[in-house]
Amino acid sequence: MKKICRIIALVIIISLVFQSDYHIGRSLYKNASASDNISLDDLNKIYLSMNNISDNNYAKYFSTYQDRAYQGDKITYPVEQLSHSDIIVEEAREVSVKIEVKESALYVVGFDYKTLGDNILPTKMQLKVNGNIPYEEARRLFLSDTWLTGELQHDRYNNECIAMPIKDKVWGVSYLHDTYFLYSDPMMLYLEKGENTLTFSAIDGSIQIGNLYLLAQQTIAEDPIESAEGNHLIVIEAEDITTRNSPNIRAAAEYNTKLTPYSPDLQKINNVSEGSFKTGGTRIEYSFEVETDGYYNLAFDYRQSLKSDFSVYRNIYIDDIVPSQSFKNLAFPYERNYSRMTAPTAIYLSKGTHKLSIEVSLDYMRDSISILREITDGINDLALQVNKVTGGNTNKYRDFNLEPYGFNITDKLNTWADLLDQVHSALSSLNSNKKNVGEISQLKIAATSLRRIAKQPNELPQRLNQFSYGTSSARQNITNVVENISVGQLGLDKIIFYQDDAKLPQSVGFFQSLWLSTKHFLSSFTRKDYAPNYDEDSETLQIWVARPRQYLEIMQRMADSDFSKEYGITVDLSIVPDQQKLILANASGKAPDGVVAISSGFVYDLALRGALVNMRDFDNFKEIANRFAPGMLMPGVCDDGLYAIPETFNFLVQYYRTDIFNTLGLKVPETMDEVRALLPELERMGMGYNTHVANNLVKTFNTTTPFIFQNGGQLMKNGEITSNLDSPEVIKGLKQLTENFTIYNMKYEVVSFYQAFRDGRMPIGTSDYATFNLLTNAAPELADSWAISLYPGVKNEDGEVLRYASGAAESCAVFSSSDKQDAAWKFIDWWTSTEVQTEFAYTLQSTLGNEYMWNSANLDAIMASPWSTEYKNAIMQQISWTLEPPRIPGSYIIERELGNVLVNVVTQGTNLRTAVDDAEKKIDRELLRKLEEFGYIDRDGNKLKELIIPDIDMIKEWLE
Amino acid sequence: MKNRRLKINIAYYFLLPYILLFLVFIVVPIIAAIGLGFTNFNAVEAPKFVGFMNYINLLTQDEVFMQKVLPNTCIFALIVGPVGYVLSFLLAWMLAQISKLPRTILALLIYSPSLTSGIAMAVVWKIIFAGDQMGYINSILIELGIINDPILFVTDAKYLLIIMIIVSLWSSMGVGFLAILAGILNIDTQVYEAAAIDGLRNRFQEMFYITIPMMKPQMLFAAVMAVVNTFSVGAIGVQLSGTNPTPAYAGQLIVNHIDDYGFIRYEMGYASTVSLLLLIIIYSISKFARKLFKD
């Protein structure tokens, strides 16, 4: 009996599973059949026929004017006719030129130009025709810079180092390209007959403009049918880059036996790093010598492992001309390790020097990206509108009837889902029609969730997490695909021109590869690059650096070439993985001479116990300390000495989404009161305000002191050794801080503000430098739609808004046990100087990529840093408001108890006064104990020596 | 006579590695800790002798220790120790009832959490207990309509200790569990058969009258291991809340307290005092366990 029951149950379960599976399968099949065989041209038509796409983008512009394209010869407007002086376009300065056009037509516009700026970020420019922006893309046009490769250098361990790119300011010709480089053919302009005014202005960088050209669209030659007869061979090692147009493309060293050159124990630069050669429009150029005229095959040793089953595309130019049609958008299929691919047709090369250019092309992705962006915008808008109705209510048991509001949810969602299927089908048809291409599989997931939601449109408010918010929502899935397909990573080892009878270089065989790998493994036991040296009698200056190896390589190279030459002191930089090691090394008498990049909170404890040298005793102390904002020096102050100076800094500023604020017509708050006034507005739409307090699990000084200082509070009583928590100002500050959560209902824990900011769930909030870096480099879809304003402060009696906030990050210090204190000080002097910090910032960002931003504490170096100018100004203003709490013996207990006040009031519902009293008692007791330990008072509480509580005025006095 | 002396010598040689390691890694540190316990040592300057000052401070001044750390440790140990112990016995007993292949697989699965270090464990649990609506538990509770606003599981002082206990129980099936499992499997099946003939009526009688009495040594071993473990873990609270001290000392255990004094306040002398106290507590409780399981 039991058995029969079990079998019946099993059958029911299985049939249920199959049925649902069948349903899903059928619906997928149905959609697939509707969207089979979509080609790229179809996508373009689909895109142009979409509702609501903005009228002024280039796709529309081009389709309007394309039958009136210019057919004639190239027309040149010499620079002398355009202007009587040099045409120099700089940031915030418009320059107009007038040209006489003989025929109304759609022209390709070209101009000679020379870059003048030292910017690392690509030069960007804006173009207006007769006072108007012709199409959206013209707001930001991309101009190629030319970067030469610096001389190959070796570090002190004989490894090859990445050569620093050098910007070359030469004349070149540019056409109009959008910043994403979705159009690798130049964008065109429709010019009416008669006089036309072209207005240029720069966004980043500055350029000089020369002759102007109007020409017809170029056509590319047909593929040749000849084969490459002969036995000539030209091998180009891809890492020997002649020029490139972005410093972010970099050669790299990889221990991969398939690569040449390879050395099992030394680092050899041997390939173009796969992750670095990806952004649309970036280009590598090689010059090479041809000995005999003739047809040549072109082969690449490449790797494309980051896009599974998905090709990336490159345009190949020989002497700036695409040789034949196969070389326009040449596909590089998925390859997990380095392998060889030969282009389908041969190229004719004449004897002499030629230039080969390889350029990232996104032409095939263009319409997909445009369609997907339209969909994500649509989802965003719909979520916002729905939230306006529901006020962000996601309660499961609250029913909404959304029909009367005319959102057409079902229709919209189904249309979007169909579009997603069409895009998916078009993109997979590019990749030999594979059914499941990993790179774009998220489109299928997104389409499925959209269809599921479309069935019950009234449940959308509860399903916003699947729809628009969060990491697994349909919108995020689509955004991820857009991000994936708008870059095309490609690693290159060799480029080979060969004729059919030539003997091609072969990669190493299996056994040799095994042998080389074993040798590499064995050598890893003996090599000690950048490991700390514990030798006390060492002749060289020992500096420990708490940073990863990439940073050290550059620092060491700069120190060897610059510092050692200037001062005649050799420096050994070593990596300290763990700061606790400093304490232990010091206890065992093996401390280094100096240390760089230790966290600022760590310095005081070392200084108090006499492990560090007072920097005020050095001659040129003032000159060096004046490089920083005075408030930033605070963490290094102990008694009346300064024991550390800052190296990097942090900042707290307010980030906000300009797009959302403009749509909703909201004002960016200046003070905390205005923030609170803004909260109901945001809350009504289901949005929130992020405070940096919610991002730190540890409630350190930087979460509590800004509120206290802004309200005019002090942590310690003047001239006494008791804490000052019960003063009205401090209470006011703490009240403001805690009421943000208890009364104003700000979120107390936000795991990722970056994600919430991208989703639009939190379109505004205070946060730190890390968020700045993430938003700059890891949120491409937000480019141009966020901004920075100062930390919202408190208005004082004079009407001034006090915006004090923390800003300490990492510091440099000299150890008192060292016998080379002067040399160590010289090193720190050199290292924190404006020139060296600026050079380091540029070198770091240009050799390792834009993610490696350098937040130097040196004020002049920040001004000169390669960051976007629009953000730099706001950050600089906030830096002048940097104020760190003073450190005294036992200040950790103040930090901790202030945090506990916050925790107890917010999560336990304790009364603020009670919590503060409790904290004050604990602080005072611990302070007495600590002061006794360090001999400031005796057992009975009598003063033995004066405890100096540093304040900003004292530091300012030192600096004068 | 001569022969006998040689025998003793050989025995010592065999003991030598153990004695050496025991001396270097256990005895010397304990003696050093006892010595440091009477000093004021800040890890940078030389230690200063202060007599019983640290002990007096511990008993009279250390409010946090008396109000938070000691109660927390007791609650934590009283729950995680016995409950974990009973759980590992029950699980081992149940596993012993099934056939070999599934038993091995399940035993491995149950044992594996105790192998993962605090950090790896906390990463998993942190996502589950994350304090915004993206955390698994919060998301499920919101989905079910039980709560409207996410609960701050790991930063709210109310919940932290409970979560620490849950996570520790999950990972408490360690060596003790394996010892019990081995003990149960080792019992001669003939004993059970004989008992059945003598009139044993059910499995529970079997467990109480035969299984437990037959495997006292393993039970003792598991008990001592459980005691030592519950007192000497501390990383989990710090890892979950991301801070030492834990918010409002809600999850502060003795080990965290030692860490706090040793590496945040740099008072190695005081930290040695507290660790000595911990040693005494662990030692006396395992003595007690030994009494319980010895006839």
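Which residues does A:Thr540 touch, not counting residues up to four places away in sequence? In this predicted model, select A:Thr540 and display its surroundings: the residues touched are A:Thr570, A:Asp572, A:Asp593 and A:Lys820, with those up to four places away in sequence left out.

A:Thr540 has a relative accessible area of 18%, so it counts as buried, the limit being under 20%.

Next, show the side chains of A:Gln542 and A:Asp572. The side chain of A:Thr540 makes a polar contact of 3.3 Å with that of A:Gln542, and a polar contact of 3.3 Å also joins it to the side chain of A:Asp572.

Now move to the interface between chain A and chain B. Here 37 residues of chain A are in contact with 39 residues of chain B. About 3,600 Å² is buried between the two chains, with carbon and sulfur atoms giving 51% of that area. On the chain A side, select A:Arg609, A:Glu749 and A:Arg896: these lose the most area to chain B, together 19% of what that side buries.

Then select B:Asp260 with A:Arg896, whose side chains meet in a salt bridge (2.6 Å, N to O). Five salt bridges are found across the interface of chain A and chain B.

Finally, colour the chain A elements that give two or more residues to the side touching chain B: helix H12 (580-587), helix H13 (600-608), helix H26 (891-908) and helix H27 (912-933). H26(A) gives the most, with nine residues. By residue class, this side of chain A divides into 14 nonpolar, eight polar and 15 charged residues.

Note on methods
Residues numbered from 1 in each chain as written. Chains lettered and ligands numbered in written order. Predicted model: local features only at pLDDT ≥ 70, side-chain atom pairs only at ≥ 80, totals over all residues. Heavy atoms only, no water. Buried < 20%, exposed > 50% of the residue type's maximum accessible area, 1.4 Å probe, protein only. Polar contact = N/O pair within 3.5 Å; in protein donor to acceptor, adjacent residues only side chain to side chain. Contact = heavy atoms within 4.5 Å. Buried area = accessible area lost by both parts, 1.4 Å probe. Salt bridge = Lys/Arg side-chain N within 4 Å of Asp/Glu carboxyl O. Helix = DSSP H or I, 4+ residues; strand = E, 2+ residues; numbered from the N terminus. Nonpolar A, V, L, I, M, F, W, Y, C, P; charged D, E, K, R; others polar.
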